[in-house]
Amino acid sequence: MTDAVWPAPAKLNLFLHIVGRRADGYHLLQTVFQFVDHGDSLRFTSRPGRVIQRIGGASQVPEAEDLCVRAARLLQRATGAREGVAIHLDKRLPLGGGLGGGSSDAATTLVALNALWNTGLSEDDLAGLGLELGADVPVFVRGRAAWAQGVGEHLRVLDALPEPWYVVVCPQVHISTAELFADAKLTRNCPPLTIRAFLRGEGGNVFAPVVRERYQEVNDALDYLGQFSEARLTGTGACVFAAFPNGEEARRVLASMPQTWIGFVARGLNRSPLLDRLQQN
C-alpha cells in the first residue's frame, strides 16, 4: 500500500425531479449526474490487524460515522479482508452542499481498497456495496456520467454530454433535506422525463423553489449566477452552479462575485478521474 493519491470528484445534478414514491416511503427520482474536476482526495496506508483509521476529514463528522470509514469496514465484512488501513482524507468539498462529497469519498475507498487489498470484487459488486451506504455512491463507483432513476440506483451511462466549465457557489448555510422533503410546496409528481427531452433542455430542480424561499443565501447565489448563465441547484443544495463555454469566462464570473462568498471553477467530466487512477494501479 502506497502514499498515492486517489481522487474523489464532486458531482452536479443537471436536473432533479421527483416522479413518485415507493411503498416504503422512498421518493422515486430522475436526475443526471455529471462529474467535475474538483473534489476531495484520499491516501491509504497500511495498519496492522484489521484497524480502520481516518486521518483528516471533517472534524464535525465522528470517525465511526464517516462514509469512507464505513465503506472500508463494509468491504472488510463482505470479503473477509484481514488488512487494516489508515485513510488520509483531504476534505475540500463542503458538507451538505449537494456535491456528493461523502458519497464520493466512500466510492473511492471501495474502489481503491478493492485494488490495494486484492479482494477481487467486480464493479457491480462494489456498486451494490455502495448502495448500502447511500443512493449516490454507485454512480461514483461506476465513474461515468449517468441518467439515474429509482432512488438513484438505476443508471444509464451518458458519455456524450457537453463538458462545459462550471462556476460553483457554495452558500454557507445548512439545508435540512428532511424539511425540504416535508415541505407541502415541493413538487412530487413530475411527469416522467425522457433522455431525449432532457437533451433538448427540459428539466429543472424541483427543490429550487422551496430552497429559494427558505434560504436567502441560496436565493442570492442563484440570482447572481443567473445574470450570466442559467443557474441551477445541485441536489437539495446548498451549492448552485452555472455553465460557461470556457474557463476564462467562468473564472471572470467567479472573480466578480461578492468577496465573502465561497466557490470554485471546475470542468465538467463524463468520465471520473477515479477510473483513470484505477488504471494506473
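Modeller: Let's go from the overall build down to single residues. Keep in mind that this is a predicted model.

Colleague: How many helices and strands are there in the protein chain?

Modeller: Ten helices and ten strands. The C-alpha trace spans about 55 × 45 × 35 Å along its principal axes.

Colleague: What does the radius of gyration say?

Modeller: It is 19 Å for the protein chain. A compact globule with 281 residues would be near 19 Å, so the value agrees.

Colleague: And what share of the residues is buried?

Modeller: Buried residues make up 52% of the 281. As for contacts with a separation of 6 or more, 74% are between residues 24 or more positions apart.

Colleague: Which domain does UniProt list?

Modeller: The unreviewed entry gives "domain: GHMP kinase N-terminal" for residues 67-143. In the model that span is 60% helix and 9% strand. Its end C-alpha atoms lie 18 Å apart.

Colleague: Next, helix H2. Where is it, and what is its reach from first C-alpha to last?

Modeller: H2 covers residues 101-116 and reaches 22 Å. That is close to the 22 Å expected at 1.5 Å a residue.

Colleague: Why call H2 largely enclosed?

Modeller: Because 14 of its 16 residues are buried. Just after the helix, Asn 118 takes a positive phi of about 55 degrees.

Colleague: Which residues touch the most other members in the largest nonpolar core?

Modeller: Phe 44, Val 85, Ile 87, Leu 110, Leu 133 and Val 141 do, in a core of 38 residues. Several elements each supply at least two residues of this core, among them strand S1, helix H1, H2 and S5. There is also a second, separate core of 28 residues, including Leu 16, Cys 190, Ala 208 and Val 253.

Colleague: Back to Ile 87. What is it in contact with?

Modeller: Leaving aside neighbours within four places in sequence, the contacts of Ile 87 include Leu 42, Phe 44, Ile 52, Ile 55, Val 69 and Thr 109.

Colleague: Switching to strand S5. What does it pair with?

Modeller: Strand S2 (residues 27-47) joins S5 through five bridges, antiparallel. Phe 33 stands opposite Ala 146 there. Strand S6 (residues 154-157) joins S5 through four bridges, also antiparallel. In that pairing, Gln 149 has His 154 as its partner.

Colleague: How many residues sit between S5 and S6 in the hairpin?

Modeller: Three. Gly 152 in the turn has a positive phi of about 115 degrees.

Colleague: Why is S5 said to be largely enclosed?

Modeller: Four of the five residues in S5 (146-150) are buried, so the rest of the structure largely encloses the strand.

Colleague: What about helix H8? Which of its residues are buried?

Modeller: In H8 (residues 216-226), they are Val 218, Asn 219, Ala 221, Leu 222, Tyr 224 and Leu 225. These pack against strands S7, S8 and S9, plus helices H7 and H9.

Colleague: Last one: Asn 270. Is that residue buried or exposed?

Modeller: Buried, because its relative accessibility is 6% and the cut-off is under 20%. Asn 270 lies in the loop between strand S10 (263-269) and helix H10 (273-280).

Colleague: What does Asn 270 touch?

Modeller: Not counting residues up to four places away in sequence, Asn 270 touches residues including Gln 34, Phe 35, Arg 144, Leu 158, Asp 159 and Glu 163.

Key. Residues numbered from 1 in each chain as written. Predicted model: local features only at pLDDT ≥ 70, side-chain atom pairs only at ≥ 80, totals over all residues. Heavy atoms only, no water. UniProt positions renumbered as here; feature names shortened; annotations may be inferred. Buried < 20%, exposed > 50% of the residue type's maximum accessible area, 1.4 Å probe, protein only. Contact = heavy atoms within 4.5 Å. Pairing = 2+ DSSP bridges. Expected span 1.5 Å × (residues − 1). Core = buried A, V, L, I, M, F, W, Y, C linked by side-chain atoms within 4.5 Å. Rg over C-alpha atoms; globule rule 2.2 N^0.38 Å.
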